[in-house]
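Please work through the exercises below with the sequence and the model at hand, and try each task before reading its solution.

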Amino acid sequence: MLEGLFGNSTVEKVFFALYAYGEGYPLGMAKLFGVPVNSIQQQLKRLENSGIVSSRLLGKIRLYTFNPRYPFLKELTSLIEKAYEFLPEQEKNAYYRVRTRPRRAGKPR
Amino acid sequence: MKIDGKKITTEELAARVSTALQEHGIDALLVGGACVSIYTANQYISGDLDFVSFAAIKEIGLVLRDIGFVQKSSRHFEKRGCPFFIEFVAPPPAIGSEPVKKIRRLKTRAGIIMLLTPTDSVKDRLASYYHWNDRQALEQAIMVARVQRIHFNEVKRWSMKEGYEEKYHKFVVEIGKKGA
């Protein structure tokens with residue numbers, strides 16, 4: 001949908017994931033979308049160099065979020081929000097509505 | 001131009017880098033913790049010098065190479081023996097959702113530094129406190145506010161616009177607590 005604007009479909013997926021979940025890490029996103037982890041890492045690195053996303057280490061995981069100091073964040077997230085509305089329900093359910101609430105350790109899945 | 005990396009101060013390095021870039025027609029604005037170091041006479045010492053420039057990073061890299069700094073990653077440069085590293089943050093220069101409108105030109109013995117004004121430096125540090133809850137950044141904002149002339153009305157206006165009224169009040173209260 002925004003692929004033409006952003007240059008590739010991976011960055012679009014990364015944006016939707018950060019919009020839907022608020023944060024994400026490369027391996028998690030790669031598993032979610034079934035794409036190679038290095039393609040996600042490459043896009044996140046590019047976005048971080050441009051100041052669009054920021055990251056911090058959480059244990060061994062590098063966790064990414066939209067950079068709250070990016071001057072065009074409000075406009076960018078408005079665009080992503082608008083595009084998200086147009087996603088098919090099937091796609092939203094498959095990728096962007098995965099359970100995020102806590103689940104006690106040891107509880108069957 | 002040779003730089004003695006071991007003895008150099010934040011201000012001198014910022015001036016030398018700025019001068020080298022200006023000689024090649026490149027403008028770069030010093031932002032972040034290095035502005036705090038300069039405005040507080042090194043009460044706080046930043047280990048990195050963050051600049052913002054619209055010039056291509058490749059072009060900047062060629063100039064920095066002449067003064068001994070080597071590109072270590074896509075946007076940061078180091079020099080052996082120098083305790084500081086230099087980073088070129090992605091443009092545009094902004095504080096929160098607003099562009100930087102005023103620039104301070106500081107004349108030093110080593111050259112002219114273009115940097116944030118003291119008021120914008122406070123806002124810049126507060127942005128890190130507001131968005132990432134960084135206490136260290138709050139301390140830096142307080143340090144600058146205590147020793148420099150700050151337009152508090154402007155800081156307040158900007159803080160309200162960013163949506164951090166409560167944290168702005170905390171900043172003001174903290175200045176009072178630590179005030180001379």
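**Salt bridges in chain B**

In this predicted model, B:Glu139 and B:Arg135 are joined through their side chains by a salt bridge, with 3.8 Å from N to O.

**Exercise 1.** Explain where B:Glu139 and B:Arg135 lie in chain B, and check their contact against the cut-off for a salt bridge.

*Solution.* Begin with the distance: a salt bridge requires the nitrogen to be within 4 Å of the carboxyl oxygen, and the N to O value for this pair is 3.8 Å. Next, place the residues: both belong to helix H5 (residues 135-147) of chain B, where they are four residues apart, about one turn of the helix. Finally, consider accessibility: B:Glu139 is partly exposed at 25%, and B:Arg135 is partly exposed at 39%.

**Exercise 2.** Determine how B:Glu12 and B:Arg16 are spaced in their helix, and whether B:Glu12 is buried, partly exposed or exposed.

*Solution.* The closest N and O atoms of the salt bridge between B:Glu12 and B:Arg16 are 3.2 Å apart. Because the two residues are four apart in helix H1 (residues 10-23) of chain B, about one helical turn separates them. With 29% relative accessibility, B:Glu12 is partly exposed, and B:Arg16, at 22%, is partly exposed as well.

Conventions
Residues numbered from 1 in each chain as written. Chains lettered and ligands numbered in written order. Predicted model: local features only at pLDDT ≥ 70, side-chain atom pairs only at ≥ 80, totals over all residues. Heavy atoms only, no water. Buried < 20%, exposed > 50% of the residue type's maximum accessible area, 1.4 Å probe, protein only.
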